[in-house]
Amino acid sequence: MSYDVIVIGAGFAGLAAAHRARRAGLTVHGFEAGDDVGGTWYWNRYPGARCDVESVDYSYSFDEDLQQEWTWSERFAAQPEILAYLRHAARRFGLYDLFELATRVAALRYTGSAWDVTTADGRTERARFVILATGSLSIPNIPAIPGAGDFRGEVYRTAQWPAAPVAFAGKRVGIIGTGSSGIQTAPEVAREAAALTVFQRTANYSIPAVSAPLPAEEIAAVKAGYAARRARTRRGLYGSPAHDPHPVPAPQLTPAEATRVLQERWAYGGVYFARTFLDQMSDAATNRIAGEFVQGQIRRIVRDPAVAEDLVPADHPIGTKRICTDSGYFETFNRPNVRLVNLRRDPIERIEPGGVRTATGLHELDVLIWATGFDAFTGAAARMDIRGRDGVALSAIWSGGPLTYLGLLVPGLPNLVLLNGPGSTGPLANMVLCAEQQIDWVFDLLAAAGQRGAAAFDVAPGAAERWSEVVDEAARRTLFPKARSWYLGSNIEGKPERFMPYAGGLGAYVDLCAAEADAGYPGLTFG
């Protein structure tokens with residue numbers, strides 16, 4: 001069949017895009033690889049999975065009735081509640097009818113001013129426009145460790161966790177990886193397992209989630225003031241209005257006062273601890289004060305001084321790798337059944353049938369959990385065979401690193417849109433609100449193309465390169481490039497390293513997108 005719009009992915013962004021397309025009177029069809037809607041929150045069902053943005057902000061703003069009828073139970077929602085919310089939204093707006101579930105897209109070809117979208121089972125549908133809502137963090141990173149397929153016990157990946165409960169009682173469990181998923185999983189596993197071994201290559205900063213139940217009066221106040229809250233959110237740096245930075249740089253405060261401010265943010269919890277001070281991500285002195293505070297908290301919590309030192313991050317400024325949020329991660333290492341293996345000192349040599357062998361010997365295991373992150377920003381698009389104008393492949397366009405205009409459009413791929421792609425704020429801000437803003441911009445663009453009588457739009461020559469310079473300059477004004485992180489693709493062997501998200505803040509990004517539209521889309525061509 002032929003449609004106006006095909007949407008690939010049924011997470012927050014994909015569901016909202018399909019809803020917007022139908023509201024615009026367009027025919028729309030969607031594909032989702034999972035057996036249900038939810039995207040990231042469908043696949044990442046590992047124990048302890050929780051959002052690090054407050055629930056009342058990490059939610060749709062496009063429908064006031066939905067905002068009023070849904071009541072979040074916790075400040076930072078856990079995975080089951082977020083998935084329930086997305087299922088509710090999909091049912092409420094009839095979006096299940098628009099998506100083919102359990103259907104993976106294998107290839108896209110641009111021919112004759114439209115896209116042929118071919119699924120893994122060989123079926124092809126056609127659409128004038130394609131929206132890739134495939135997620136910034138959706139393709140698991142599988143490290144090339146010798147013997148990875150040889151382990152005889154149970155194997156799980158946090159990014160593809162089974163729907164059925166996993167029992168750890170009486171078992172020896174190993175977790176490889178200490179990013180967000182490993183840090184959130186470890187405390188849950190440790191409570192049940194006979195023994196837990198955490199294999200850590202890089203120590204990460206983590207802040208308590210402090211996810212208390214939301215008081216009824218707070219929920220009522222949020223719902224009464226949602227319009228103003230959303231407006232303020234879109235003008236801010238990070239998409240969460242509860243986190244205005246302290247106005248005075250930390251070095252200008254007394255040590256006692258700086259500690260008090262940091263302690264308040266620590267007690268509040270959440271990822272926006274990284275923005276306790278306005279210049280925390282741009283000034284090395286301020287950042288060092290914040291980092292030393294958290295290092296002190298780790299040393300205070302973990303009783304064994306040697307283990308504490310292994311858990312203290314030493315190779316990057318705080319926040320330059322995404323800060324994790326946890327529910328008792330550092331306290332977990334006070335348990336007698338938990339052991340930390342520092343892979344910098346005792347590296348993995350291979351995986352064996354009975355466990356993980358490091359330089360010092362074999363760690364015998366019954367269960368192995370891979371919590372090794374994602375091929376961020378580009379992984380989902382890159383694994384599809386996408387060929388645009390004149391048959392040019394996306395892999396060729398991105399051979400030197402991702403190239404986009406406004407984080408939305410790729411030169412040479414007419415009528416194809418990325419949501420939360422490289423060059424957008426992506427995970428540096430509230431991705432739900434960023435996706436909504438992008439979706440509104442995209443459908444305004446579709447309307448503008450129609451008014452011009454244009455069958456297609458594409459990125460003008462040089463526009464994507466100029467946008468890359470904007471993204472690079474925004475990153476240079478921060479400390480982000482000082483860490484080797486998935487923001488740069490450093491975790492994927494052979495991937496060109498380039499800071500991928502726009503680090504200038506959500507408000508500035510919204511303004512730049514609006515300026516492009518207001519000026520008549522000078523960065524695009526129509527034909």
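A: A cavity is a set of points, on a 1 Å grid over the protein atoms alone, where a 1.4 Å probe fits but cannot get out; its lining residues have an atom within 4 Å of a point. This is a predicted model, in which local features need pLDDT of at least 70 and side-chain atom pairs count only at pLDDT 80 or more, while totals for chains, interfaces and linings use all residues. Residues are numbered from 1 along each chain as its sequence is written, and side-chain values use heavy atoms, with hydrogens and water left out.

Q: What lines the largest cavity, and what is its volume?
A: Among its lining residues are Pro402, Thr404, Pro422, Trp467, Asp472, Arg498 and Met500. The volume is about 90 Å³, where a volume is the space filled by probe spheres set on grid points joined across faces, edges and corners. Six cavities reach 30 Å³ or more.

Q: What makes arginine 498 and aspartate 472 a salt bridge?
A: A salt bridge needs a side-chain nitrogen of Lys or Arg within 4 Å of a carboxyl oxygen of Asp or Glu. The closest N and O atoms of arginine 498 and aspartate 472 are 3.0 Å apart, so the pair qualifies. Arginine 498 is in the loop between helix 15 (463-476) and helix 16 (506-518), and aspartate 472 is in helix 15, 26 residues apart. Helices (H or I, at least four residues) and strands (E, at least two) are DSSP runs, numbered from the N terminus.

Q: Why is arginine 498 called partly exposed?
A: Buried means under 20% relative accessible area, exposed over 50%, and partly exposed in between, with a 1.4 Å probe and protein chains only. Arginine 498 has 26%, so it falls in between.

Q: How many salt bridges does the whole structure hold, and what does the one between arginine 123 and glutamate 100 tie together?
A: The search finds 37. In this pair the N to O distance is 2.7 Å. Arginine 123 lies in the loop between strand 5 (114-119) and strand 6 (124-132) and glutamate 100 in strand 3 (residues 99-100), so the bridge ties together parts 23 residues apart in sequence. Through shared partners, salt bridges join Glu100, Asp121, Arg123 and Glu125 into one network.

Q: How far apart in helix 5 are glutamate 188 and arginine 191?
A: They are three residues apart, which means about one helical turn. Their side chains form a salt bridge at 2.9 Å, N to O. Glutamate 188 is partly exposed at 32% relative accessibility.

Q: Where does helix 5 bend?
A: Helix 5 (residues 180-192) bends by about 30° at alanine 186, and proline 187 follows within four residues. The bend is the angle between axes fitted to the seven residues ending there and the seven starting there. Buried residues of helix 5 include Ser181, Gln184, Ala186 and Pro187.

Q: Why does arginine 20 count as buried?
A: Its relative accessibility is 16%, and buried means under 20%, so the label holds. Arginine 20 sits in helix 1 (residues 12-23). Beyond four places in sequence, arginine 20 touches Ile439, Asp440, Phe443 and Asp444, where contact means heavy atoms within 4.5 Å.

Q: Is valine 37 buried or exposed?
A: Valine 37 is buried, at 0% relative accessible area. Its place is in the loop between strand 2 (28-31) and helix 2 (40-43). Among its contacts outside four places in sequence are Ala10, Leu15, Leu83, Ala90 and Tyr96. The C-alpha atoms of valine 37 and tyrosine 96 are 8.0 Å apart, although 59 residues separate them along the chain.

Q: Which residues touch the most other members of the largest nonpolar core?
A: Tyr60, Leu108 and Ile386 do, out of 147 residues. Helix 14 (residues 431-451) gives the most to this core, with eleven residues. A nonpolar core is a set of buried Ala, Val, Leu, Ile, Met, Phe, Trp, Tyr and Cys residues joined through side-chain atoms within 4.5 Å. Isoleucine 386 is in contact with residues including Leu108, Trp115, Leu132 and Leu416. A second, separate core of twelve residues includes Ile176 and Leu343.

Q: What is phi at aspartate 390?
A: Phi is near 60°, a positive value in a residue other than glycine. Most residues other than glycine have a negative phi. Aspartate 390 is in the loop between strand 17 (385-387) and helix 13 (394-397). At 77% relative accessibility, over the 50% limit, aspartate 390 counts as exposed. Alanine 102, in the loop between strand 3 and strand 4 (105-111), also has a positive phi, about 55°.

Technical notes:
On a 1 Å grid over the protein atoms alone, a cavity is a set of points where a 1.4 Å probe fits but cannot get out, and a pocket is an open set with protein on both sides within 12 Å along at least five of seven lines; lining residues have an atom within 4 Å of a point.
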